[in-house]
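User: Please take me through the terms used for the structure shown below, and set each value against its definition.

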Amino acid sequence: MTATIDIRVLNSNEEMRQMYQLEEFIWQGEGGIPVHQTITAIRNGGLAIGAYCDDQLVGFSYSFPGFKDGKAYLCSHNMGIHPDYRDKGIGASLKNRQKAEAARIGYDMLTWTYDPLETRNGYLNLSKLRAVCSTYIENCYGEFDDGLNAGLPTDRFKVEWWIKSRHVDERIPAPVKDDAFYIPWKQAASGPVLADDVEIPEAAQIMVPVPAAFQTIKQEDMSLALDWRLKTRSVFQELFQKEYAAVSLEKSAEEPVHHYLLVKRESLQI
């Protein structure tokens, strides 16, 4: 029998304590956000959403208010799912409930960061949720010592989720055109390698390859992982400066890379 997952808004001190304990378990070594911080945030415009299975918290998202240039938005700071419950659609369910609750409170936009080389997150954030990205942050959180980040700069995409826009509501994907420019890569003995010093033309669509299994590359060849980090950093920064935005992650079943699709930001209905 398939277990039922209950998605609910978290409000109490006990629920914040459960969220803290799940954070501690998922990100061993980094520690969770203190309960006094999370409870204060959700009582002042923040939002916490939990996923429960048999009254056990197995996933969560946590966000707090942000403000810039006279505009309030919601900073979706953290989302975690217990390893035993991953790949079951819980992440999308958490984000969709977050979207509904944020709109009810009065927010138009949510923002958060993620590692662009973690393609599972890229597919959820861009292809499924329809967030977009045109901001790249170098070494966003400094050096981390946890299992996911150790040994590499913590570069991040900062995405924007315009929850009341046509881009999100109509969910019409941008098809990859035949004349899209694909940044080249090659297969080496240690794994896929991004080409050096590629001259990127002005094109309506740019396809940027990233490893399909970045954590495996990290475990087997840290120098190759660093090569991907630094080369893709340069590519994304160049494209974002030219006013492109990443709008989806296109998966491949045959190749060891997936591709980000980037288009001109002005073409988006946000």
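Analyst: Contact means that heavy atoms lie within 4.5 Å. The model is predicted, so local features need pLDDT of at least 70 and side-chain atom pairs count only at pLDDT 80 or more, while totals for chains, interfaces and linings use all residues. Residues are numbered from 1 along each chain as its sequence is written, and side-chain values use heavy atoms, with hydrogens and water left out.

User: Which residues does Tyr136 touch, not counting residues up to four places away in sequence?

Analyst: Under that cut-off, Tyr136 touches Pro116, Asp155, Arg156, Phe157, Arg229, Arg233, Phe236, Gln237 and Phe240. Tyr136 itself belongs to strand β6, residues 132–137. Strands are DSSP runs of E with at least two residues, helices are runs of H or I with at least four, and both are numbered from the N terminus. Between the C-alpha atoms of Tyr136 and Lys158 there are 6.3 Å in space, against 22 residues in sequence.

User: Why is Tyr136 called buried?

Analyst: Buried means under 20% relative accessible area, exposed means over 50%, and partly exposed lies in between (1.4 Å probe, protein chains only). Tyr136 has a relative accessible area of 12%, and is therefore buried.

User: Is Thr111 buried or exposed, and what is its relative accessible area?

Analyst: Thr111 has a relative accessible area of 6%, so it is buried. This residue lies in strand β5, residues 109–114. Leaving aside neighbours within four places in sequence, Thr111 is in contact with Tyr73, Leu74, Cys75, Ser76, Lys158 and Val159.

User: Why does Thr38 count as buried, and what does Thr38 touch?

Analyst: Thr38 counts as buried because its relative accessibility is 0%. Thr38 is placed in helix α2, residues 35–42. Not counting residues up to four places away in sequence, Thr38 touches Met16, Met19, Ile33 and Tyr62.

User: Why is α1 called oblique to α2?

Analyst: The axes of helix α1 (residues 13–26) and α2 come within 9 Å and cross at roughly 125°. That angle makes α1 oblique to α2. Axes here are lines fitted to C-alpha atoms, for helices over the stretch in contact, and angles run from 0 to 180 degrees between N-to-C directions. Angles under 35 degrees count as roughly parallel, over 145 as roughly antiparallel, 65 to 115 as roughly perpendicular, and the rest as oblique.

User: Is the crossing of α1 and α2 left-handed or right-handed, and which residues meet there?

Analyst: The crossing is right-handed. A crossing has that name if the near helix is turned clockwise from the far one by less than a right angle, and is left-handed if anticlockwise. From α1, Asn13, Met16, Arg17, Met19 and Tyr20 meet Val35, Thr38, Ile39 and Ile42 in α2. By class, this contact of α1 with α2 has six nonpolar, two polar and one charged residues. Ala, Val, Leu, Ile, Met, Phe, Trp, Tyr, Cys and Pro count as nonpolar, Asp, Glu, Lys and Arg as charged, and the others, Gly among them, as polar.

User: What makes a set of residues a nonpolar core, and which residues have the most contacts inside the largest one?

Analyst: A nonpolar core is a set of buried Ala, Val, Leu, Ile, Met, Phe, Trp, Tyr and Cys residues joined through side-chain atoms within 4.5 Å. The largest has 53 residues, and those with the most contacts inside it are Phe157, Ile206, Val208, Tyr260 and Leu262. Helix α7 (residues 222–241) gives the largest share of this core, seven residues. Another core, of 15 residues, lies apart from it and includes Ile26, Ile33, Ile39 and Ile42. In soluble globular proteins, nonpolar side chains tend to be buried together.

User: Why does Glu238 count as partly exposed?

Analyst: Glu238 has 26% relative accessibility and therefore counts as partly exposed. Glu238 is found in helix α7.

User: How do you know that Asp55 and Asp69 count as exposed?

Analyst: Asp55 counts as exposed because its relative accessibility is 66%, and Asp69 because its value is 76%. Asp55 lies in the loop between β2 (47–53) and β3 (56–68), and Asp69 in the loop between β3 and β4 (71–81). Asp55 has a positive phi, near 65°, although it is not glycine. For Asp69, also not a glycine, phi is positive at about 50°.
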